[in-house]
Amino acid sequence: MMSAKTLRHLIVLALIALWELLPRTGLIPELFLPSLSSTLLAGWNDAAEYGHALAVTLYEVAVSMAFACGGGILLGAIVGSLPRPRLLIMPMVSSLYAVPLVILYPVFTVWLGIGSESKIAFASIYGFLPTMLATAAGIQTIDPQLLLAARSMGATLGQRLVRVIIPAAIPTVLSGLRVGGALVIVGVVVSEMLISSAGIGYLISRYRTILDSPHVFAGVLLVLFMAIAFNTVIRWVERKAAIWQTGTRAGQSAADEVGSGAMQPAT
Amino acid sequence: MQATLTIRLARAAIVIAIFALWEILSRTGLVNPRLLPSASDTLVTLGDLLQRSSVRTDLLVTATEVLTAFALAVPMGALIGFLIAENRYFADVAKPLLFFAFSIPKSIFLPMFILVFGVGFAQKVGFGFFSTIFIVIMSTTTAVESVKVEHLTVARSYGATRIQTAFRVYLPSMLPVLLEALRISMIFNLTGVILAEMYASRDGIGHQIATWGENFQMKQLLAGVVMVAAIAMTFNELIRWVETRCSHWRT
Amino acid sequence: MQPLANVTPLKPPPRAGAIEVRNVGQVFRTRSQDVVALEDVSLDIKPGRFVVLVGPSGCGKSTLLMMMAGLRAQTSGSITINGAPIPQPDPNRVGVVFQEASLFPWLSAEDNVEFPLALRGVAKAERRAKAQDALNLVGLEGFGKRHPHELSGGMKQRVSIARGLVQDPPVLLMDEPFAALDEQTRMTMGDELLRIWAATGKTVVFVTHSLTEAVYLADEVIVMSPRPGRIVDQLQVNLPRPRTYEMLSGDAFGALRDRIWRHIRKSA
Amino acid sequence: MQPLANVTPLKPPPRAGAIEVRNVGQVFRTRSQDVVALEDVSLDIKPGRFVVLVGPSGCGKSTLLMMMAGLRAQTSGSITINGAPIPQPDPNRVGVVFQEASLFPWLSAEDNVEFPLALRGVAKAERRAKAQDALNLVGLEGFGKRHPHELSGGMKQRVSIARGLVQDPPVLLMDEPFAALDEQTRMTMGDELLRIWAATGKTVVFVTHSLTEAVYLADEVIVMSPRPGRIVDQLQVNLPRPRTYEMLSGDAFGALRDRIWRHIRKSA
Amino acid sequence: AETIRVGLPTKTYWPTTIAETAVRQKLFEKEGIKAELTVYRSGAETFEGMAAGAADIILDPPSLVSAGRKKGVMSRIVANAAMGNFGWQLMVPAKSTLEVKDLNGKKVGITAAGSGSDLLALWTIQDRKIDFTRVPVGGGGLVPNLLAGNVDAAVVYSPLSFQVARSGEAKTILDYATAAPPNLTAGWIVLDKFAEAKPEVVQKAVNALYGAVQFMRANRDVTVKLIADLYEMPAEIAAMEYDNTIMKLETDGNMGAANVPAAVQLSLDLAKLGGLKDIVPVEDVISTKFKPVPTKP
Ligand SMILES: Nc1ncnc2c1ncn2[C@@H]1O[C@H](COP(=O)(O)OP(=O)(O)OP(=O)(O)O)[C@@H](O)[C@H]1O
Ligand SMILES: Nc1ncnc2c1ncn2[C@@H]1O[C@H](COP(=O)(O)OP(=O)(O)OP(=O)(O)O)[C@@H](O)[C@H]1O
Ligand SMILES: [Mg+2]
Ligand SMILES: [Mg+2]
């Protein structure tokens, strides 16, 4: 069988070909999906504009990411490891998340301002909760015996958090991070699309309003590149953290990847 | 039992505190009451709206769409997520692609759904499904990866089939992570359906909410948001109920 | 306590638990270096024998058991059970009691014991009865509804033993099953095990660190040395059965025990 | 192997590990019923004593240890260490070696041993040296870089013991630390432990199922009975120190062992 | 009977009133067709809806038709619906003393970049030779941000403009209905394919729609009540909407009229200002095949 990577690349190639061919043959109107070449051309022609927008968006994404992921992991870890707050706060938090923020966003800009602050606030909240919920849930799967052992050695709450809870929950935390990070990107772009005068989302929605689909998809392409970059970072962290994940499924496959671990009959 | 009672009381207290804060902010004029109508006004408006049969129909339509999309997205997403976690090859092929799909704002694709489904039930459900499935897949993958190897070894030694392993080992060990995932998925699902309704619609509450928002009818807007939030919270409670029933083995 | 005759085979399996281990080696790859856990191990276990494996900590006993159970592939050599290789676990041929209790925390003690039966689709009532019998056998009457975290270390291990017994396969592999038990319980459980073994004609491969227990239980004791794990001695225990506590102080017993002891001492 | 003198206290703590247990009871609430794990247990352990706790499986030994370590609150009664209650774990007063190895799977063996030192902010070089000494002491020289899943059951337990020793608290609570070890290693480790104990003047509370080990190590053996857990006997072991293997076959030794055995037999 | 699917850009916009009137007065039925109304989020979405085959006739500005043709969506305006930006106003908070000329360097709220409000803002910049920052705040953010002072002024659509003027929260400093030159701001649009395949359906649909306009002009009370119901607004605001927009709508819709090409051209020129690059000749944007014959109620 061909290697997974090859197949994946083939799929990507096929998608690219389809992207070019479907609009060209008129199977999909160019309005909905402009051909890849015209998209690239549109992006190239206005490269300066897109470059500027990307800088704005990247800044917003980076700041929101710090809030959402950092805060999400920390709070998730605290809430997940203390039973009282967990019972008290978690339901409230997930209920709060149920409030459709997208609808209220235009109103929120009143207090948060129309600039980057409101995008950062929105995207941080958007990405924060999944990260936090995933972390908290991951922590509940930790072997309580390990926490007991750490406690017996006099680990303070902070030490338990950093040295036991987070490493033990790392697989869950990492994928919480994945989801949270992706949502931060979506959150920034969506809020830019709704209300803003800068950033990739702004360009997307502006060109969309005048039905300039190649320019819209040039923006989408940039969002995709951000996702690819973020994914690369996460994979790097994942590989670094592989050693922490021993004893779980994630650890097993990570270990396989590193090339250690004994041969195992097929599961 | 006593602990749960105090927790319930504390929760109720927090809810009341939030509403009180809302009321005070608005009444004292700390926040322009035109921008944030008071909680009591909003609740009164909510009552009025619920009297209208059209609003009730809209709510029903939205709820049906949401549930249908959810009922389709969750099993399918869980299955794909499970396959990804179980099968390295499939994972290597699909995981990055799915992740990229997940990171793109979905609303870009709304016109495509109209192209395929026209405007109506199928399109809303389709988009709700599309907004939900990626997160279900990603969360399921996570959940599967948190399963302990020693438990799998035990099951394997007893000759458990794949299905048996899935239901008897994976499912119970994954439950905490999975329920959290369900919660988040539901919210994505709801947002997806509402976005689709806002985009193009003949009925549904999302469509109403969009109109209220654009006409600066803040009371109705907030009441609408409360309605949607209420649907989501009901669902949340449902999941919590399942959670408390299943989690007794955890200390 | 009840005799295990109650925990009868679900469908009487062929009581032919011959195990052949031929030139088996196991190499683990770790980040730093390759670890030769076992090297050139050969064994021939006749059906129905009670074989005890002893050896210092880390000599590869658990590893050998895992390979016999089809839970881990050997790096070299071959293992057959009843003449056929065992590329994957087959509960109809081999049952395992693990060194660590490995109970499912979300199941109660009795549900844990029922687990292998539930996998085979045994009816609820029947498997509940069998699980109850097995739990009584290990002295846990009345503890069926408890969850693992509500049990003491020794109790968990006994639940794990009950789970191994309830399956009733022709070959039973037990990895230090009595390590967490007090001496009295250990003796009783040993006697029970011998009775079950005699009544069902199983092949048992049993790992222990107690040399007394080894000689008391075994038809044959296999002594291993570590780094790399090899077989250094194979002793036939020709004491009459049923074994009695009086034998413990006999000369034959002492001689066997001493011989093993000298090996262990050398290699630990 | 190196004497533990190398694993010296970080800051010499007051070697005054008096333990007082007064009318302690522990009731667990489970879904079905309340379990009285311990009832009216009183104990007085003088500083520097080596006390061994024995009793049938499930009699509450681990529970008692957890309470002494401040890891679980008693339902009734009081426990003081050096005259002060111990509402929460205090590694400067009490160290614990758990019944289950409880190693952190993401840390290597040496990092696991260093863990308690890292918590106190001991410098890297110093704690590495101490961890190395402790690992050598338990016979795991050269295994420091391995992760727990790459170790055998007995090795994991020895890492856990090393982690307990490296903390060097005035009171050391050890819950069946040698259960997974072969007899030779067990003996060596027992002797090492006695040497450390003698050199540092610690108080040791040690749980074991091996009666020989109990008598061999102890100043005092405390025998417990289950359901509810109570103290049924307290024996002073007045054998001279250092203990030797010859003593094992002496009459005094046999008499003590028999006396305990009769208790266990009755209650198991 | 044939069903015609009518796509409407937002609910509280006069095309909805027209279509609803036509439905309620059974004008479509009288023409022997059925109508199905779908409300979209805004003009662009409505156009996409038609392109996706979910709507047969929609109301949108000429710029979208032009852009669509460049993107392979062939459609034309078949009937002229409005020749001005009725109800659109440049507003400042009630307490503000800013005039249009003072807006130089200030922030002005619009709904979205490239939208109708953006075009009007751009026209203001050009016409008044001033420069200000256009801040897209979305439909829902327009008034809140104006009241909160995040923007100094905002281009507000009707009947929201009437509503906030009435409540005294904001005041008008420029009324685009009179200030901007008359151009063809919106027309009824169908796909070329559809016009060719079912010309009679298109004809009947425009008949009904213009019948509705006639009916509304003749029946003030009924229409005001309809607006109040549909928009969930007080009758007073509905009356203002009636007087200031409904009464100003085109009554015959004939695309063959002499003033139409210039009006369309002006509309496209304005759009070009807003960044529209896909401009096609006027004759490609319009169709003179259909001349509405208003259905009698
Ligand atoms: N997954 C692994 N990766 C690397 N080395 C391993 C792995 N599993 C076991 N080993 C090594 O293989 C050797 C044998 O281990 P095994 O668990 O079989 O020992 P054992 O005889 O059961 O010891 P014990 O009596 O302590 O349980 C040990 O040195 C151990 O460190
Ligand atoms: N969390 C708990 N909930 C309910 N019962 C418990 C809990 N922990 C322990 N028990 C019960 O308390 C009793 C004493 O348990 P403990 O672990 O102290 O026994 P032990 O003497 O250490 O036994 P072993 O030698 O088998 O380790 C047992 O009957 C056990 O089932
Ligand atoms: Mg082992
Ligand atoms: Mg115990």
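Analyst: One definition comes first: a salt bridge is a side-chain nitrogen of Lys or Arg within 4 Å of a carboxyl oxygen of Asp or Glu. The model is predicted, and between chain B and chain A the count is 0 salt bridges.

User: Which elements give two or more residues to the side of chain B that touches chain A?

Analyst: They are α1 (2-27), α3 (53-86), α4 (88-103), α5 (110-117), α6 (121-145), α7 (149-157), α8 (162-199) and α10 (218-246) of chain B. The largest share, 15 residues, comes from α8(B). By class, that side of chain B has 47 nonpolar, 9 polar and 12 charged residues.

User: How many residues are in contact between chain B and chain A, and what area is buried between them?

Analyst: Contact involves 68 residues of chain B and 71 residues of chain A. The buried area is about 6,200 Å², and carbon and sulfur atoms give 74% of that area. B:Y89, B:F99 and B:I108 supply 10% of the area that chain B buries against chain A, more than any other three residues.

User: What makes D:Y216 and D:Y245 a stacked pair?

Analyst: Rings pair if their centres lie within 6.5 Å, and planes under 30 degrees apart count as stacked. The centres of D:Y216 and D:Y245 are 5.8 Å apart and their planes are at 25°, so the pair is stacked. D:Y216 lies in helix α6 (residues 211-217) of chain D and D:Y245 in the loop between β10 (230-236) and α7 (251-267), so the pair ties together parts 29 residues apart in sequence.

User: Why is D:Y216 called buried, and why is D:Y245 called partly exposed?

Analyst: Buried means under 20% relative accessible area, exposed means over 50%, and partly exposed is in between. D:Y216 has a relative accessible area of 8%, so D:Y216 is buried. D:Y245 has 34% relative accessibility, so D:Y245 counts as partly exposed.

User: How many aromatic pairs does a search of the whole structure find, and what makes the pair of D:F104 and D:F115 tilted?

Analyst: The search finds 27 aromatic pairs over all chains. For D:F104 and D:F115, the distance is 4.5 Å centre to centre, with 40° between the planes. D:F104 is in the loop between β6 (94-97) and α2 (109-119) of chain D, and D:F115 is in helix α2 of chain D.

User: Why does D:F104 count as buried?

Analyst: The relative accessibility of D:F104 is 0%, so D:F104 counts as buried. At 3%, D:F115 counts as buried too.

How values were computed
Residues numbered from 1 in each chain as written. Chains lettered and ligands numbered in written order. Predicted model: local features only at pLDDT ≥ 70, side-chain atom pairs only at ≥ 80, totals over all residues. Heavy atoms only, no water. Contact = heavy atoms within 4.5 Å. Buried area = accessible area lost by both parts, 1.4 Å probe. Helix = DSSP H or I, 4+ residues; strand = E, 2+ residues; numbered from the N terminus. Nonpolar A, V, L, I, M, F, W, Y, C, P; charged D, E, K, R; others polar. Phe/Tyr/Trp six-rings, centres within 6.5 Å; stacked < 30°, edge-to-face > 60°. Buried < 20%, exposed > 50% of the residue type's maximum accessible area, 1.4 Å probe, protein only.
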